[in-house]
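Subject: Two-chain model for you to look at

Hello,

Here is the structure I promised to pass on. Please open it alongside this note, and my findings follow below.

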Amino acid sequence: MLGFVKGAEFMLLFQLFIEFFMIGLFGFGGGYAMIPLIEQAVRQHDWMSHQQFTDIIAIAGSAPGPIATNSAIFIGYQTAGVGGAIIAAGSNLLPSLLIVILLIQLIARHAHTQGLSYSLYGVHPVVTALIFYAGIRMGIQNDLFSKSADYPQYLIMSFAVILLFKKVSPVWVIGLSGILGIVIYGF
Amino acid sequence: MLLQAKRADLFDNYLSVLFDLFLTFMKISPLTFGGGIAIIPHIESEIVSKKKWFSKEDVPEVIAIAQSAPGSIAINSAIYIGYMVRGLGGALAAMAGMLVPSALIIFGLTYLFLTYQDLSFIQNAFKGIRPAIIGLILFASFKIGKSAVNDRFTLFLFIIAAVLLFCFHLSPVFLIIGGAITGWFYHAWVRKGS
């Protein structure tokens, strides 16, 4: 019995390691580029509900530090405790460490790195589509783009987008929309 | 004997530089909400002006590599600078410095959230926050798109990727690899043509 529990726990940690390593490896285009990858992993393994995932992005986005690492810590902690948080964050960062050092070495040896920027030229539009798709998906899952949505939700979303265009920091946008939520839906 | 003392001295020096890197990035870390390109001005003031580890001319190189590698730009910059200053140990020290403050804060927030998420006013606050997060993510795609989708080829790629996602729910990793191969071949072909 004990051996079984241990095995299941090990499997979970192993899953976290593999998933967050892949997320780190393919997260081209900065922190937000990893959100679609994280969303897919969470969905595939059924680690948490859609709403909870959105809440995690909210918390990860209102703390300092990269949104992907913050989500990794939260998701790792939620699924497998402190060990899970360390494994998820560490495996998420490992590809960055390896690839940055590899690039430094390649450039120091005057290797031809032009191919990388050619490839990234094709990757970035795809990442744009991925983030857009993740936003729409998460909107549907949170009953935002559906018939049951109420108009204050659209109001808050438009308000948030306007503030972001005005270069207000996301932390303030999240805080203000939380206050709006309390004002609209009650204490 | 003398050599040994010198070696110990060098090691002390090595450790003190690592510690210095750790502290410097720990100071920058809480300033970088979102972890993105916002870190660059802080790098300039701390690393270039105060510590003089880098010259101003090196900063674009830092940005270029931090953006080319996968992962957050802030972490990648820390890895790059740490590695240039003191090798692998330096990279790890700088990265740890970036991570410690935000990890502590996120642990605190996670604890608070898991403890108080059932309170009605917290639930209502999150009812308000969720649409804002959708707005935040759509805005992020717009912001990345503004520099990524800038000609007919990239617009074509964006549309193809969006259609494949919305109609066939293809895996993100598969699409990213597809985009990389297409981008590479397109450039190779255009260069050959010109």
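A definition to begin with: the domain bounds used here come from an automatic or database domain assignment. This is a predicted model, so local features need pLDDT of at least 70 and side-chain atom pairs count only at pLDDT 80 or more, while totals for chains, interfaces and linings use all residues. Residues are numbered from 1 along each chain as its sequence is written, and chains are lettered from A and ligands numbered from 1 in the order in which they are written.

Domains

Chain A splits into domain 1 (2-146) and domain 2 (150-187). Between the C-alpha centres of domain 1 of chain A and domain 2 of chain A there are 26 Å. Four residues from domain 1 of chain A and six residues from domain 2 of chain A make up their contact, where two residues are in contact if their C-beta atoms, placed from the backbone, lie within 7 Å. The side of domain 1 of chain A that touches domain 2 of chain A holds two nonpolar, two polar and no charged residues. For these classes, Ala, Val, Leu, Ile, Met, Phe, Trp, Tyr, Cys and Pro count as nonpolar, Asp, Glu, Lys and Arg as charged, and the others, Gly among them, as polar.

In chain B, domain 1 covers 1-116 and domain 2 covers 140-194. Taken over C-alpha atoms, the centres of domain 1 of chain B and domain 2 of chain B are 32 Å apart.

Where the chains meet

On the chain A side, 86 residues are in contact with 74 residues of chain B. Among the elements of chain A that each supply at least two residues to this side are helix H1 (2-26), strand S1 (65-66) and helix H4 (67-108). Helices (H or I, at least four residues) and strands (E, at least two) are DSSP runs, numbered from the N terminus. H5(A) gives the most, with 23 residues. By class, the side of chain A that touches chain B has 58 nonpolar, 27 polar and one charged.

An unreviewed UniProt entry lists residues 12-35, 56-77, 83-104, 116-136 and 156-185 of chain A as "transmembrane region". UniProt positions are given in the numbering used here, feature names are shortened, and annotations may be inferred rather than shown by experiment. In the model, residues 83-104 of chain A are 100% helix and 0% strand, with end C-alpha atoms 31 Å apart. Residues 156-185 of chain A are 87% helix and 0% strand, and their end C-alpha atoms lie 12 Å apart.

Chain B

Chain B has seven helices and one strand, in the order α-β-α-α-α-α-α-α along the sequence. Its C-alpha trace spans about 70 × 65 × 30 Å along the principal axes. Of the 194 residues in chain B, 43% are buried; a residue is buried if 20 or more other C-beta atoms lie within 10 Å of its own, exposed if 12 or fewer, and partly exposed in between, with C-beta atoms placed from the backbone.

Helix H3 (residues 59-68) of chain B has Val62(B), Ile65(B) and Ala66(B) buried. Seen down the axis of H3(B), these buried residues fall within an arc of 100°, so they line one face of the helix; the arc is that of the directions from the helix axis to the C-beta atoms. Their cover includes H4 of chain A, along with helix H2 (39-50) and helix H4 (73-116) of chain B.

Ala74(B) sits in helix H4 of chain B and counts as buried because 32 C-beta neighbours lie inside 10 Å.

Best wishes
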